[in-house]
Amino acid sequence: MSIDSRQVAAGMLEAVPFARTLGFEFVEVAPEAEGGVRAVVRLPDTPATHNHVGGPHAGAMFTLGETASGAVVLAAFGQLLDRAVPLAVSAQIAYRKVAMGPVLATARLGRRPADVIAELDAGKRPEFPVEVEISTEDGTPTSAMTVTWTLRPNR
């Protein structure tokens, strides 16, 4: 699988203006084993996104994780946009440690793309998880998130 990370980043920033508002930076969008995809998105450290203790606001971190998961979905299934619309179905996040400074969200596809596409080809509406780890720039994990996505077939 070949991924144009600049195209994915541009597509996300165009489709999701809030990602631009928060100043997200797309660090990497890359293929992994068995057709998987990984995306890393960075939230810079700015006073506009701080909470009451001086770290990134929980809402900004949630949006960071959801955006990274969306980049994975776009990279893995962007070629299907004429057939299906990707939609987030649900999301769970666990804030485990106070984050300070810039944070990175690393998202990974939780199912093989071929399996998801096979379900879509069979007329089903596939659901699949995207696992996200949010950490400080030195690699200290601060949050874990799972976003469940679907591909809603165009009718």
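Student: Why is Glu-25 called partly exposed?

Tutor: Glu-25 has a relative accessible area of 35%, and since buried means under 20% relative accessible area and exposed means over 50%, with partly exposed in between (1.4 Å probe, protein chains only), the value of 35% places Glu-25 in the middle class. The model is predicted, so local features need pLDDT of at least 70 and side-chain atom pairs count only at pLDDT 80 or more, whereas totals for chains, interfaces and linings use all residues. Residues are numbered from 1 along each chain as its sequence is written, and side-chain values use heavy atoms, with hydrogens and water left out.

Student: How many salt bridges does a search of the whole structure find, and what do Arg-108 and Glu-32 tie together?

Tutor: The search of the whole structure finds eight salt bridges. In one of them, Arg-108 pairs with Glu-32, the closest N and O atoms being 3.0 Å apart. Arg-108 lies in strand β4 and Glu-32 in the loop between β1 and β2, so this pair ties together parts that are 76 residues apart in sequence. Arg-108 has 36% relative accessibility and Glu-32 has a relative accessible area of 27%, and therefore each counts as partly exposed.

Student: How do you know that Asp-115 and Arg-112 form a salt bridge?

Tutor: The closest N and O atoms of Asp-115 and Arg-112 are 3.5 Å apart, a value that meets the criterion for a salt bridge. Asp-115, at 34% relative accessibility, is partly exposed, and Arg-112 is likewise partly exposed, with a relative accessible area of 39%. Elsewhere, salt bridges that share partners join Glu-28, Glu-32, Arg-38 and Arg-108 into one network.

Student: Why is Arg-38 called buried, and which residues does Arg-38 touch?

Tutor: Arg-38, found in strand β2 (residues 37-43), has a relative accessible area of 16%, which falls under the cut-off and therefore makes Arg-38 buried. Contact means heavy atoms within 4.5 Å. On that basis, and not counting residues up to four places away in sequence, Arg-38 touches Glu-28, Val-29, Ala-30, Glu-32, Val-72, Thr-106, Ala-107 and Arg-108.

Student: What puts the buried residues of α4 on the same side of the helix?

Tutor: The buried residues of helix α4 (residues 113-121) are Pro-113, Val-116, Ile-117 and Leu-120. They cover an arc of only 95° around the axis, the arc being that of the directions from the helix axis to the C-beta atoms, and therefore they lie on the same side of α4. An α-helix has 3.6 residues a turn, so residues three or four places apart point the same way. What covers the buried residues of α4 includes α3 (58-77), β3, β4 (103-109), β5 and β6.

Student: How do you know that β3 and β6 pair?

Tutor: Two strands pair if DSSP finds at least two bridges between them, and strand β3 (residues 84-95) and strand β6 (residues 141-153) share eleven bridges in the antiparallel sense, so they qualify. Strand β5 (residues 127-136) also pairs with β6 in the antiparallel sense, over nine bridges, and Phe-128 stands opposite Trp-149 in β6.

Student: Why is the aromatic pair of Phe-77 and Phe-128 called tilted?

Tutor: The search of the whole structure finds one aromatic pair. The ring centres of Phe-77 and Phe-128 are 5.1 Å apart and the planes are at 50°, so the pair is tilted: rings of Phe, Tyr and Trp (its six-membered ring) pair if their centres lie within 6.5 Å, with planes under 30 degrees apart counting as stacked, over 60 as edge-to-face and the rest as tilted. Phe-77 lies in helix α3 and Phe-128 in strand β5, so the pair ties together parts that are 51 residues apart in sequence. Both Phe-77 and Phe-128 are buried.

Key: Helix = DSSP H or I, 4+ residues; strand = E, 2+ residues; numbered from the N terminus. Salt bridge = Lys/Arg side-chain N within 4 Å of Asp/Glu carboxyl O.
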